[in-house]
Structure formats: C-alpha cells, structure tokens
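Please examine the sequence and the structure shown below. The paragraphs that follow lead through a few of its regions in turn.

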Amino acid sequence: MKKLFSHIDFLAECRESGLSLWECPPFLFIVMGLVNIGSIILTYIVANRYEDQPEITALLTLLVAAVIFIIGNAIIFGFSKIVEANAREAEFIGIISHQLRSPLSIFKWTLGSLMSDTQRIKAPKEIGASLDTLTTINQRMIQLVSMLLEVHRIESNRFVIKKNTIDIKSITENIIKDQKQYAHSFGISLSLRAPSLRYPLIADEDKVQMVIQNLTDNALRYADQNSTVCIDIEKVGDAIRWEVTNTGIGIPKEEHARIFQKFYRAKNAITYQVEGNGIGLYVAKTIIAQHGGIIGFSSEGKKTIFWFTLPIAGPDAPLPKTHII
C-alpha cells in the first residue's frame, strides 16, 4: 500500500517540478477526473428531475464542458512549463560543458608539461605528489564535463554511437591500471576475473569505456576501506556480461526504482560521499540501451553489484587488437 501511495504522490511531483498545485498536470488530471464523475452524476439527476425541460440539461452540459476546457488548458500550460524548464536545463548544460572543456584541456596539457620538467630536473617528491593529485582532480573534471556533454546530446536527440570492434577486457584492464593509485589510497584492492578467450564486441569504444569508468569509480567511492572491489567478465549465452561488486554502503530498497534517473543520488550516498552529480548511471543506461544491451544492479545489505551485457559480434567479426597502455 505504501508503494502504491508513493506512485500517486502528486504533491511531491509538483514540488520537484517547481510548479504550483494549479499548474501541476498530475493534480489537474485528478481534478478533471473528479469533475467528470461529478458531472455525469449531476447530469443524470438533473435529466431525471427536469425531463420536460431539456434546455436545463443542455445548459448544464455546456457548463461542465467549459469547466473541463479550462482545466484542460491548465494541464497544457503545466506541461508547457515543464518542457520549457527541461529545454533551459539542457541548454545550460550544453553551454557550461563546452565552456569548461577548453580550459580543462589546457590545464591537463600544462600539468603534463610540468610533470615532465619535474622528472627531468629531479624535483622534490612533494612537488611530484602534488602534481599527481592535480592531474587526478583535472581528469575527474574532464570526465564530469564529458558526462554533461553526453547528457546534453541525449536531451537534444544528438546522441551518436560509432561502432567498431572492441576488446572489453583490455578496456577494463586499462581503467583498473588508472584507478589503482586512487584505490590504494583507501586501502581498497581491485581485482579482475576474466576468461583468457577474447570475444569481439561491436560497440563504441569511448562510450563503453565511459560506462566501465563510471561503474568502477562508483564502486570504489562507496566501498568500505580495506575491502576488495571485484570486476568479472564472462560469456552468458550470446552476450558478454560485465559486473563490478563492492562491499560498502549499499542502496536502500526504497530508492532502487530511481537509481538510474538523471541527477538522482541515493540519500545515503550523499551523506557518505559529498562529491557526485547523479548523471553517470543515467548516461550509462542510455549507452548500453543504444548498444542493444541491458544494465541493472542488485543491492542487499552492504553488497552491491552493478552489471551490464553487450551482444557478442558475429563469427566473421575480426578479433580486436590488444591496446593496453
């Protein structure tokens, strides 16, 4: 019963949309339904009482039609405001993302130059460590901007998938290599279990890498210290299943249904980890769906598993070249 009421909680929907009660379509739909029911009952009573005066029934019908027309216009106005707000949000994301991309790329290039210079002149270790930290932060900002750009493309129907033959095991190995230092700082071990056989996938390498990067990063962020984050890759039927398992804060059951929504973060995640934007899983779900795959998760207690599947390419597809950096 509680779950049912959560689905019809139009007051919460109105608040989230920033609309007043009389501008909120869910509430107006309920009002329109009540008006329809009331008008049918009232028309029936009036028609029976004034059988010899049909003009009264006709007038009542016109009045009810006028009320429904007014409510209908209010519903359309409410939907228009929601569409307009979404359009402004998408435009803002697009502008901010493009404006941030160039300075972050320049900063990355500058940091690379400084790191080369410090290695050449054998600068103190403290300087090298500081530059490593700045590089990590800069890389995270670039990933955030990339995510925001993907959200903008999804919202503006300009999301493009460029498919090629890829090796998901090699992509995962590269990401684990990049994340090991971050994981080590929290005493977290990263392990990969994958078959020695390589199955070719026809997919967009950059997009799949974005999904794996995001799921791995989330698993590390919300894992307990001194624990192990396990990544498994296996063949399941005609698909490759990729999954990451961690032991950490878990996801409350009442929030499972919303976990892939745009800009949504579970309450315990916000408390545990201030950093985060709630768009990674939304983008990941879109990417996997565009590839004909499935994405999902399970969370019981402290154990959480995020997984996705991608269809294996046909027998004539070329095997991808290993590209470990």
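Helices and strands are DSSP runs, a helix having at least four residues and a strand at least two, and they are numbered from the N terminus. The model discussed here is a predicted one. Within it, helix H4 covers residues 54-120, and Val 67 lies in this helix. Val 67 has a relative accessible area of 37% and is therefore partly exposed. Val 67 and Val 35 are 32 residues apart in sequence, while their C-alpha atoms are 8.2 Å apart in space.

Another helix, H3, comprises residues 25-49 and contains Ile 45. With a relative accessible area of 43%, Ile 45 is likewise partly exposed. Ile 45 belongs to a nonpolar patch on the surface, which also includes Ile 30, Leu 34, Ile 37, Ile 41 and Tyr 44. Together these residues present about 620 Å² of accessible area.

The account now turns to the strands. Strand S5 is formed by residues 239-247, and Asn 246 is found there. Is Asn 246 buried or exposed? Its relative accessible area is 7%, so Asn 246 is buried, the limit for that class being under 20%. Leaving aside neighbours within four places in sequence, Asn 246 is in contact with several residues, among them Tyr 222, Thr 228, Val 229 and Lys 303. Ala 219 is also one of these contacts, and the side chain of Asn 246 reaches the backbone oxygen of Ala 219 at 3.0 Å.

In one of them, the ring centres of Trp 242 and Phe 308 are 5.3 Å apart and the planes meet at 20 degrees, so the pair is stacked. Because Trp 242 lies in strand S5 and Phe 308 in strand S7 (residues 303-311), this pair ties together parts that are 66 residues apart in sequence. Trp 242 is buried, with a relative accessible area of 0%, and Phe 308 is buried at 1%.

The rings of Phe 260 and Phe 306 have centres 6.3 Å apart and planes at 80 degrees, so this pair is edge-to-face. Phe 260 lies in the loop between S5 and helix H8 (267-272) and Phe 306 in strand S7, so the pair ties together parts 46 residues apart in sequence. Phe 260 counts as buried at 14% relative accessibility, as does Phe 306 at 12%. Phe 260 and Phe 306 form one aromatic cluster with Phe 297.

Conventions:
Residues numbered from 1 in each chain as written. Predicted model: local features only at pLDDT ≥ 70, side-chain atom pairs only at ≥ 80, totals over all residues. Heavy atoms only, no water. Patch = residues over 30% accessible without salt bridge, like charges linked within 9 Å, V, L, I, M, F, W, Y side chains within 5 Å. Areas by Shrake-Rupley, 256 points an atom, 1.4 Å probe, with all protein chains shown as cover. Salt bridge = Lys/Arg side-chain N within 4 Å of Asp/Glu carboxyl O. Buried < 20%, exposed > 50% of the residue type's maximum accessible area, 1.4 Å probe, protein only. Contact = heavy atoms within 4.5 Å. Polar contact = N/O pair within 3.5 Å; in protein donor to acceptor, adjacent residues only side chain to side chain. Phe/Tyr/Trp six-rings, centres within 6.5 Å; stacked < 30°, edge-to-face > 60°.
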